[in-house]
Amino acid sequence: MRRILFAVALVVAVAGCGDDSADPAATSTGAAAAPETPTPDPVGDLLLPATTINSMTQVTLPDSTESAELNDSGASIDRPECAPALDVAARAAYGNTGFTGVARATLRTAPDASYFYVVDQAVVSMLTPERAAQLLVDAEQLWQSCIGTPIAAVDGTSTATVLDVENRSGSIVSDRMVDG
């Protein structure tokens, strides 16, 4: 069993990108509706490149995956309300927000490393700056409510503990320890 010595989750909400067809001003009822399939959004350009993350962490993280989809991760842990604190692209966090796009990248040490270090980042695009700001406030409060209490995988393979949550200039950063 390996222990993740350090994991970082980072989420940034931005506004003004993507399709404005779900804009409240564009609907007859004035209610914002999330598009069933968000239009392509340039949010992936806002993800930090691996070279920047390697420089910031002083660790080479060669394994990388990228996605433009939300994950259904809440069902796999014993505290589904904390899924967004562990999975920066959790559908539970953004699925009903009216987001217009999402990009995610995960970087980690090589499988044969003597330690395991992970940086998981996501950028979520919202229609307005106000909605983006509210999303950050809500996400930070949710992540903070998960600090200190172990969150177990329902299959018993691992346990994660959120150690710290900070808002760093509009980006929410979480440190966590994972056993398993």
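1. Contact here means heavy atoms within 4.5 Å. Helices (H or I, at least four residues) and strands (E, at least two) are DSSP runs, numbered from the N terminus. Please keep in mind that this is a predicted model: local features need pLDDT of at least 70, side-chain atom pairs count only at pLDDT 80 or more, and totals for chains, interfaces and linings use all residues. Residues are numbered from 1 along each chain as its sequence is written, and side-chain values use heavy atoms, with hydrogens and water left out.

2. Which residues of α1 are buried? In this helix, residues 50–57, they are Ile53, Asn54 and Thr57; buried means under 20% relative accessible area and exposed over 50%, with partly exposed in between (1.4 Å probe, protein chains only). Viewed down the axis of α1, the buried residues fall within an arc of 100 degrees, so they line one face of the helix. That arc is taken from the directions from the helix axis to the C-beta atoms. Thr51, Ser55 and Met56 are exposed on the other side of α1. After α1 comes glutamine 58, with a positive phi near 60 degrees.

3. Now step back to the whole chain. The protein has four helices and seven strands, in the order β-α-β-α-α-β-β-α-β-β-β from the N terminus on. Of its 180 residues, 43% count as buried.

4. Next, look inside. The largest nonpolar core has 18 residues, and Leu86, Trp143, Cys146, Ile151, Val162 and Ile172 touch the most other members. Two or more residues each come from α2 (83–86), α4 (129–145), β6 (159–168) and β7 (171–179). Apart from this core lies another, of eight residues, including Tyr94, Phe99, Val124 and Leu135. A nonpolar core is a set of buried Ala, Val, Leu, Ile, Met, Phe, Trp, Tyr and Cys residues joined through side-chain atoms within 4.5 Å.

5. Beyond its neighbours within four places in sequence, cysteine 146 is in contact with Arg79, Glu81, Cys82, Ala85, Ile151 and Val162.

6. Among contacts with a separation of 6 or more, 66% are between residues 24 or more positions apart.
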